[in-house]
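User: I would like to learn how to read a fold from its parts. Please take me through one, feature by feature.

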Amino acid sequence: MSEDRIVASKDYTNAPLCLSGRGVTKVFGMGDKKTVAVDHVDFDFHVGEFVSIVGESGSGKTTLSKMLLGLLNHTEGEILFMGQPRDISSGRKKKEYWQGIQAIFQDPFSSFNTFQKIDNVLLDCIHMRGGKHLPKEKKIEMMTEACSFVNLKFAELTNKYPFELSGGQMQRLMIARIFLLKPKILLADEPTSMVDACSRATILDMLLQLRDETGMTIIFITHDIGLAYYISDTVYIMEHGKFVEFGKADEVILNPKAAYTKRLISDVPKIHEEWDLSTVELL
Ligand SMILES: Nc1ncnc2c1ncn2[C@@H]1O[C@H](COP(=O)(O)OP(=O)(O)OP(=O)(O)O)[C@@H](O)[C@H]1O
Ligand SMILES: [Mg+2]
């Protein structure tokens with residue numbers, strides 16, 4: 001699969017840390033109804049690293065993302081942000097943390113208030129970054145720049161509502177928000193699974209460009225190991241709430257050790273393999 005990569009995966013082992021976890025665990029329910037969704041995972045994500053977390057449905061990816069975002073409490077373990085134990089014990093501290101970490105989700109429509117016009121969605125981002133008192137012209141310039149980063153035209157979006165956009169356009173608008181918010185970490189949970197193949201490639205390229213231009217850490221959640229190989233520096237393979245393997249993307253995917261990783265790879269359609277037509281009866 002080596003020809004499928006668009007960037008050489010870099011080794012980030014010695015880069016500064018931005019988000020780490022030790023023994024991070026989430027248990028839902030009790031007794032017979034107990035589900036261990038995330039089971040004592042350890043991880044180190046570095047500044048500027050493009051990390052993919054890969055696993056099948058139900059492996060615990062979204063539960064882990066919600067804990068990383070501080071939307072769900074962990075049952076056990078410790079999360080460190082920029083080398084310090086993460087403190088989101090008050091509303092103010094949570095808000096501060098969210099200056100540093102933002103997310104885009106599978107369904108972009110669920111992330112927007114349906115009744116808020118698009119220019120207000122973008123304006124809010126400028127205000128959240130402390131730009132409330134900037135002159136109006138400057139704000140328009142910033143919103144125009146963010147839209148052009150994702151190939152949208154700001155002038156055509158003013159006065160529109162999110163539901164007037166296509167799924168691909170909505171997801172690009174989500175990226176324009178991130179461009180304005182400039183968090184240290186972007187968590188993207190299956191951001192391309194609801195868009196067509198063409199929009200998917202565009203969105204992936206935009207995420208890479210965002211990382212390259214801003215040094216943002218990107219945590220990309222996917223069930224698609226082919227996609228993870230295509231885009232990431234580092235991959236973590238998740239099965240039943242545990243990381244069964246992690247490392248540089250090309251090392252893990254070209255030389256997998258865990259049986260589960262091997263199975264995920266064997267499920268990827270082999271587009272470069274020649275078709276064997278010898279068994280097809282000619283009419
Ligand atoms: N709020 C909840 N209450 C109880 N169990 C939950 C809850 N959220 C998730 N789970 C369970 O935790 C496990 C992991 O779910 P999670 O949504 O994290 O998986 P996932 O890897 O994101 O799957 P998918 O690829 O389908 O999005 C599943 O068994 C799920 O049923
Ligand atoms: Mg999920």
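User: How should I read a pair of packed helices, and at what angle do the axes of helix 3 and helix 4 cross?

Analyst: Two packed helices are described by the angle between their axes and the distance between the axes. This is a predicted model. Here the axes of helix 3 (residues 118–128) and helix 4 (residues 136–149) come within 10 Å and cross at roughly 110 degrees. That makes helix 3 roughly perpendicular to helix 4.

User: Which residues in helix 3 and helix 4 meet?

Analyst: Helix 3 brings Asp119, Leu122, Leu123 and Ile126. Helix 4 answers with Lys139, Met142, Met143 and Ala146. By class, this contact holds 6 nonpolar and 2 charged residues, with no polar ones.

User: What about helix 6 and helix 7: at what angle do their axes cross?

Analyst: Apply the general idea again: angle and distance between the axes. The axes of helix 6 and helix 7 (residues 197–214) come within 10 Å and cross at roughly 5 degrees. Helix 6 and helix 7 are therefore roughly parallel to each other.

User: Which residues of helix 6 and helix 7 meet there?

Analyst: From helix 6 come Gly168, Gln171, Arg172, Ile175, Ile178 and Phe179. They meet Ser199, Ile203, Met206 and Leu210 of helix 7. The class count for this contact is 6 nonpolar, 3 polar and 1 charged.

User: How many bridges join strand 6 to strand 7?

Analyst: 4 bridges join strand 6 to strand 7 (residues 185–189), and the two run parallel. One such link pairs Ile101 with Ile185 in strand 7.

User: What is the strand order in the open sheet of 4 strands?

Analyst: The order is 2-1-4-5, and the pairing is antiparallel. Strand 2 (35–46) and strand 5 (84–85) stand at the edges with a single partner strand each, so one side of each has no neighbour in the sheet.

User: How do strand 1 and strand 2 pair, parallel or antiparallel?

Analyst: Strand 1 (residues 17–28) pairs with strand 2 in the antiparallel sense over 8 bridges. Follow the partners along strand 1. Leu17 has His46 as its bridge partner in strand 2. Val24 stands opposite Val41, and Phe28 stands opposite Thr35.

User: How many bridges join strand 1 to strand 4?

Analyst: 5 bridges join strand 1 to strand 4 (residues 76–81), and these two run antiparallel. In this pairing Thr25 stands opposite Glu76. For side chains, keep one rule in mind: in a regular strand they alternate between the two faces of the sheet.

User: Which residues come nearest to ligand 1?

Analyst: The shell has 13 residues, and Phe28, Ala37, Ser57, Thr62 and Thr63 come nearest. Strand 2 and helix 1 each supply at least two residues of the shell. Helix 1 gives the largest share, 3 residues. By class, the shell has 2 nonpolar, 10 polar and 1 charged residues.

User: Last, the whole chain. How many helices and strands are there in the protein?

Analyst: The protein has 10 helices and 10 strands. Its radius of gyration is 20 Å, close to the 19 Å that the globule rule gives for 283 residues, so the protein is as compact as a globular protein of that length. Along the principal axes, its C-alpha atoms fill a box of roughly 65 × 55 × 40 Å.

Terms used: Residues are numbered from 1 along each chain as its sequence is written. Chains are lettered from A and ligands numbered from 1 in the order in which they are written. This is a predicted model: local features need pLDDT of at least 70, side-chain atom pairs count only at pLDDT 80 or more; totals for chains, interfaces and linings use all residues. Two strands pair if DSSP finds at least two bridges between them. Axes are lines fitted to C-alpha atoms, for helices over the stretch in contact, and angles run from 0 to 180 degrees between N-to-C directions. Angles under 35 degrees count as roughly parallel, over 145 as roughly antiparallel, 65 to 115 as roughly perpendicular and the rest as oblique. Two residues are in contact if their C-beta atoms, placed from the backbone, lie within 7 Å. Ala, Val, Leu, Ile, Met, Phe, Trp, Tyr, Cys and Pro count as nonpolar, Asp, Glu, Lys and Arg as charged, and the others, Gly among them, as polar. A residue is near a molecule or strand if its C-beta atom, placed from the backbone, lies within 6 Å of it. The radius of gyration is taken over C-alpha atoms; the globule rule is 2.2 Å times the number of residues to the power 0.38.
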